[in-house]
Amino acid sequence: MIDIHQHLWTEPLVQALSRRRELPFVRVEHGLTVLFLAGERPYVIDLASEEPSRRAALVERDGLDSALLCLSSPLGIESLPRAQALELIDAYHDGALALGEPFGVWGAVALDRPDPADVENALARGCVGISLPAGALASVDRLACLRPLLARLELPGAAPAAGASLQDPLWWPALTRYVASMQEAWLAFISAGRSEHPELRIVFSMLAGLAPLHAERLASRGGPDPRGLGDDRLLFYDTSSYGPATVRVFAETIGGPAQLLYGSDRPVVEPGLLDTPEALDRTLLADAAARASVAREAVLR
């Protein structure tokens with residue numbers, strides 16, 4: 001049983017962000033470690049809760065065998081100018097890969113002048129695959145720009161953020177921009193990505209923003225017929241931020257639960273609030289994780 005979607009603030013990444021003078025950066029204010037980034041409200045990082053031994057204990061408490069860590073897309077690190085992005089990505093890799101079991105790591109790559117060698121380097125360091133912000137593939141043109149990276153992931157073996165409004169509640173981006181970006185990425189992939197990358201194993205986080213539930217509207221507007229998605233055994237969805245009721249409806253829409261993977265989005269989301277993973281079919285999810293191999297894949301979040 002694998003949680004394929006968690007985040008963890010490691011010391012190397014926090015230190016690298018603390019040295020920055022431009023967004024995103026970290027500052028210590030009144031004894032609190034505060035993250036500042038474009039398009040989001042300031043966020044207090046609870047470093048005590050991020051202690052690796054504590055997080056490892058939570059993996060065991062949830063009845064999981066392992067958890068895969070990824071870089072949080074709202075940070076915007078991948079979309080920074082290449083030199084800045086690589087410095088922070090190296091810090092992220094250094095911290096996450098040093099944790100060891102029960103954690104695995106999704107690699108990250110710079111989106112400024114994307115280079116397949118970055119994929120090679122991440123895999124060589126021990127990353128299980130590459131995670132990409134949904135905004136990076138949110139149109140057919142953007143998908144084409146990343147074709148060399150995605151092609152490398154087939155081998156064996158974010159858009160600029162809008163300004164944050166202080167009037168918006170903290171949950172606003174998660175229910176608006178995040179969902180829209182996931183839907184855009186899913187639509188781009190099913191309309192152009194799969195034909196270009198027939199052997200790519202790909203995981204859409206947060207059930208692709210529930211994009212498959214719009215299948216009827218998609219068909220009515222002249223889009224591709226999504227009814228065959230259940231036959232695409234290289235296409236997967238993680239359950240992060242959704243509970244059993246939504247997962248059940250989603251599974252019916254895509255023709256069954258065989259393409260579902262468990263993802264919690266911890267520590268952003270506390271799994272117990274959604275009655276997961278206890279209420280989900282562990283045997284089925286474990287089987288899906290085994291089929292996905294959770295290696296040398298791309299995950300969109």
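Me: What does the overall make-up of the protein look like, in helices and strands?

Reply: The model is a predicted one. The protein has 11 helices and 11 strands. Of its 301 residues, 51% count as buried. The exposed surface comes to about 13800 Å², and carbon and sulfur atoms supply 54% of that area.

Me: How is a pair of aromatic rings described?

Reply: Two quantities describe such a pair: the distance of the centres and the angle of the planes. In this structure, a search of the whole model finds five aromatic pairs. One of them joins F189 and F204, with 6.1 Å from centre to centre and 65 degrees between the planes. Planes over 60 degrees apart count as edge-to-face, and the pair of F189 and F204 is accordingly edge-to-face.

Me: Which elements hold F189 and F204, and how many residues apart are the parts that the pair ties together?

Reply: F189 belongs to helix α8 (residues 177–196) and F204 to strand β8 (residues 202–204), so the pair ties together parts that are 15 residues apart in sequence.

Me: Is F189 buried or exposed, and is F204 buried or exposed?

Reply: The cut-off for burial is a relative accessible area under 20%. F189 has a relative accessible area of 1% and is therefore buried. F204, at 0%, is buried as well.

Me: How many salt bridges does a search of the whole structure find?

Reply: The search finds 12 salt bridges.

Me: What other salt bridge does R266 form, and which residues make up the network?

Reply: R266 also forms a salt bridge with E270, where the closest N and O atoms are 2.9 Å apart. E270 counts as partly exposed, at 33% relative accessibility. Through shared partners, salt bridges join R61, D62, R266 and E270 into one network.

Me: Which parts of the chain does the salt bridge of E120 and R152 link?

Reply: In the salt bridge between E120 and R152, the closest N and O atoms are 2.5 Å apart. The pair links distant parts of the chain: E120 is in helix α4 (residues 116–125) and R152 in helix α6 (residues 147–154), 32 residues apart. E120 is partly exposed, with a relative accessible area of 37%, whereas R152 is buried, at 11%.

Me: How many disulfides does the structure hold?

Reply: The structure holds zero disulfides. Individual cysteines can still be read by their accessibility. C70 counts as buried, at 5% relative accessibility, whereas C145 counts as exposed, at 55%.

Conventions. Residues numbered from 1 in each chain as written. Predicted model: local features only at pLDDT ≥ 70, side-chain atom pairs only at ≥ 80, totals over all residues. Heavy atoms only, no water. Phe/Tyr/Trp six-rings, centres within 6.5 Å; stacked < 30°, edge-to-face > 60°. Helix = DSSP H or I, 4+ residues; strand = E, 2+ residues; numbered from the N terminus. Buried < 20%, exposed > 50% of the residue type's maximum accessible area, 1.4 Å probe, protein only. Salt bridge = Lys/Arg side-chain N within 4 Å of Asp/Glu carboxyl O. Disulfide = S-S within 2.5 Å. Areas by Shrake-Rupley, 256 points an atom, 1.4 Å probe, with all protein chains shown as cover.
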